[in-house]
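Hello,

Here is the structure I said I would pass on. My notes follow it.

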Amino acid sequence: MADTAEATTDGTPLPVFVYGTLRRGGHNYDAFLRGRTTEEVPARLAGALLYEGPGYPYAVAAPRGEIHGELMVLAPAGHAAVLRALDVLEDCVPGDPGSLYDRVVREVRTERGGTARAWVYLAAERIARRLRAEGTPIPDGTWPRGA
């Protein structure tokens, strides 16, 4: 479910942390993010593990682990529209138990050493339980592997 803290303390809409097909070079980047960001910064999400999925990865909340990705600062004019499009792409419907992902707010650390609150798509709990039990973790937290 989407967290209600949708903006930073200064009222700026939250950026999005991406770790899979939405990363630069990923097959969904051009369709959903190219030209719709004001900044794209390498970043890491602690407290989560990455698991192999069918053509894309799943991030799962975990006490240990780190995921490598990018912090995408969305252009203010299109911020809401991009988030709606990403929710559709990620099959994220707040309150729907059939969703694949939940969009939540987490703190990420940028390559520059700073931190930022950002939206992150984590596997919905029913998916996360299955992945923890029988999924294939990506130990280095990078997808695609070797990127």
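Buried, as used below, means under 20% relative accessible area, exposed means over 50%, and partly exposed is in between (1.4 Å probe, protein chains only). The model is a predicted one, in which local features need pLDDT of at least 70 and side-chain atom pairs count only at pLDDT 80 or more, while totals for chains, interfaces and linings use all residues. Residues are numbered from 1 along each chain as its sequence is written, and side-chain values use heavy atoms, with hydrogens and water left out.

Strands and A48

Helices (H or I, at least four residues) and strands (E, at least two) are DSSP runs numbered from the N terminus. A48 sits in strand β2 and counts as buried because its relative accessibility is 2%. Contact means heavy atoms within 4.5 Å; leaving out residues up to four places away in sequence, A48 touches V60, A61, A62, R64, G65, E66 and I67. A48 and D140 are 92 residues apart in sequence, and their C-alpha atoms are 11 Å apart in space.

Two strands pair if DSSP finds at least two bridges between them. β2 and β3 run antiparallel and are joined by 13 bridges; P42 has E70 in β3 as its bridge partner. These two strands form a hairpin with six residues between them, and G55 in the turn has a positive phi of about 95°. β2 also pairs with β4, in the antiparallel sense, over two bridges, and R44 has R109 in β4 as its bridge partner.

Core and α3

A nonpolar core is a set of buried Ala, Val, Leu, Ile, Met, Phe, Trp, Tyr and Cys residues joined through side-chain atoms within 4.5 Å. The largest one has 42 residues, and F17, Y19 and L33 have the most contacts inside it. Among the elements that each supply at least two residues of this core are β1 (16–18), β5 (115–123) and α3 (125–134).

In α3, I127, A128 and L131 are buried. Seen down the helix axis, the buried residues of α3 fall within an arc of 100° (taken from the directions from the axis to the C-beta atoms), so they line one face of the helix. β2, β3 and β5 are among what covers them. The face turned away from the buried side carries the exposed residues A133 and E134.

E90

E90 lies in the loop between α2 (79–89) and β4 (101–110).

Regards
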